[in-house]
Amino acid sequence: MIDLKTLEVWFITGSQNLYGEETLKKVAEHSLEIANGLNGAQQIPVKVVYKPTVKSTEEIYAIIQAANTAENCIGIIAWMHTFSPAKMWIRGLSILQKPLLHLHTQYNRDIPWSSIDMDFMNLNQSAHGDREFGFIVSRMRKNRKVVVGHWQDTDVLAQISTWARAAAGWHDWQGAKFVRFGDNMRFVAVTDGDKVEAELKFGFSVNTYGIGDLVAVINGISSTEIEALINEYEASYTMDAALLKGGEKHQSVYEAARIELGLSKFLVDGGFKGFSDTFEDLHGMVQLPGIAAQRLMADGFGFAGEGDWKTAALVRAFKVMGSGLKGGNAFMEDYTYHFDPNNALVLGSHMLEVDASLAKDKPALEVHPLGIGGKADPARLVFNVAGGEALNASIVDMGNRFRLLINEVEAVEPQNDLPNLPVARVLWKPYPDMKTGCAAWIYAGGAHHTAYSQNLTAEHLQDFADMAGLEFIRIGKDTKIDQLRNELRWNDIYYK
Ligand code: MN
């Protein structure tokens with residue numbers, strides 16, 4: 001469903017006509033070699049496309065205009081091999097609508113001490129050429145990522161890769177459509193927000209559909225399709241005899257499969273990239289979608305419960321950014337705490353809808369009553385989630401801006417069996433510690449719903465926030481409450 005190799009970043013080198021044919025020929029050769037080097041780098045998940053050197057206001061304007069309208073171009077990498085007087089960049093940068101990475105590199109890694117002469121100096125000027133470029137971008141208050149180092153260094157490639165993944169997530173949001181079945185869970189504040197402003201800022205739209213529209217599609221699914229999907233369940237998950245054909249709970253699995261197929265068809269036919277539902281509005285549905293939401297998330301759809309369209313969209317963006325990396329990206333909720341002073345933990349889960357892509361081992365398909373919603377017992381996948389570095393992220397609507405809040409965490413494998421808890425679950429320790437992490441989150445107004453990632457880092461999300469114009473707050477190993485509270489106060493002034 002998500003293929004980053006169809007996406008492109010354009011490698012654009014700035015120069016000027018002052019240097020003459022010979023030098024500009026060298027500039028072009030070197031730029032092509034660097035662009036090809038980046039394109040061939042294992043880490044970088046998208047195509048890097050070489051573009052001819054730009055040397056004038058008109059050429060710069062034309063290439064940026066082209067980048068803006070190129071469907072698969074997700075961003076540009078700019079580099080000034082020589083000096084490129086930056087007033088030439090004003091017109092182009094003023095219309096730039098794609099993410100910008102400023103690669104502050106140099107063709108040669110080392111100074112050739114014994115042979116360096118004025119011709120070499122004339123050609124290799126990025127140390128000052130890139131400062132001229134940096135000035136105009138700063139003067140124009142344009143967000144961008146600055147990456148410094150030789151273009152073959154692994155850490156430079158990793159930073160470019162991180163930015164490219166963020167740009168892919170941002171690109172995916174542009175024109176994306178998310179469905180909200182019904183409205184928000186009644187009276188809940190943090191999951192609500194300004195959908196009009198979100199569409200203006202983020203490029204995706206959220207529209208509501210009556211649950212009856214979905215029920216009509218679900219009811220139209222054939223028994224042949226349902227039986228084929230149940231066969232897939234049986235091949236993929238551990239299932240009790242009671243759930244198999246002829247078993248007393250088989251009908252619950254049958255209904256769950258019907259719901260999954262109906263939801264999937266609704267999303268695919270409508271060109272939607274994710275959805276939200278609410279247990280308060282399930283008229284005509286036999287169960288709350290449990291396994292359906294879990295499996296659709298694992299397929300790449302964004303999802304969050306209770307009408308939480310912001311988290312659903314964020315989960316989708318995470319899936320695009322993390323595509324092809326080891327580990328999963330999922331809808332999550334801080335559910336309950338273990339306040340053991342020697343081993344404080346958060347148990348994360350949801351009523352049913354924990355993304356199947358997080359499963360450490362083969363999940364168990366189970367059917368149990370749900371103490372909320374008043375529907376038939378829903379089918380869900382139950383599993384544990386692996387330990388390791390991870391993070392939680394939340395987008396909140398602060399009224400005059402959206403805030404992206406993240407908390408880096410260390411996930412830990414469950415030490416205890418949870419025989420009476422029939423939902424998938426994750427355990428983690430927030431950084432820098434339980435008390436600081438939770439207090440910081442609450443001071444920052446973070447939601448109980450999050451997008452949980454096993455493979456994205458704070459750097460991915462910082463880059464993403466810059467592209468989206470989001471306020472970015474990180475709670476990590478070095479967070480101090482006093483500093484964080486001041487950061488929040490200062491940001492309030494910045495965004496006034
Ligand atoms: Mn919830």
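**Close-ups of a predicted model**

**View 1. A helix laid over strands.** In this predicted model, helix α12, made of residues 309-321, lies across β6 (177-181), β7, β9 and β10. Look at β10 and you'll find α12 running at about 150 degrees to that strand.

**View 2. The open sheet.** Here are four strands in an open sheet, and their order is β7-β6-β9-β10. The pairing is parallel. At the edges stand β7 (205-209) and β10 (302-305), each with a single partner strand, so one side of each has no neighbour in the sheet. On average, neighbouring strands here are turned by 20 degrees against each other, direction ignored. As background, strands of a sheet pair through backbone hydrogen bonds, either parallel or antiparallel.

**View 3. Where β9 meets β10.** Zoom in on strand β9, residues 274-277: four bridges join this strand to β10, and the two run parallel. For a landmark, find F275, which stands opposite F303 in β10.

**View 4. The largest nonpolar core.** This core counts 86 residues, and L38, W173, F204, L404 and F464 are the ones that touch the most other members. Helix α6 (residues 154-173) supplies the largest share of the core, with 10 residues. Nonpolar side chains tend to be buried together in soluble globular proteins.

**View 5. Around L38.** Leaving aside residues up to four places away in sequence, L38 touches F11, I44, V48, I77, L103, W151, L157 and I160.

How values were computed: Residues numbered from 1 in each chain as written. Predicted model: local features only at pLDDT ≥ 70, side-chain atom pairs only at ≥ 80, totals over all residues. Heavy atoms only, no water. Pairing = 2+ DSSP bridges. Axes fitted to C-alpha atoms, helices over the stretch in contact; angles between N-to-C directions. Contact = heavy atoms within 4.5 Å. Core = buried A, V, L, I, M, F, W, Y, C linked by side-chain atoms within 4.5 Å. Buried < 20%, exposed > 50% of the residue type's maximum accessible area, 1.4 Å probe, protein only.
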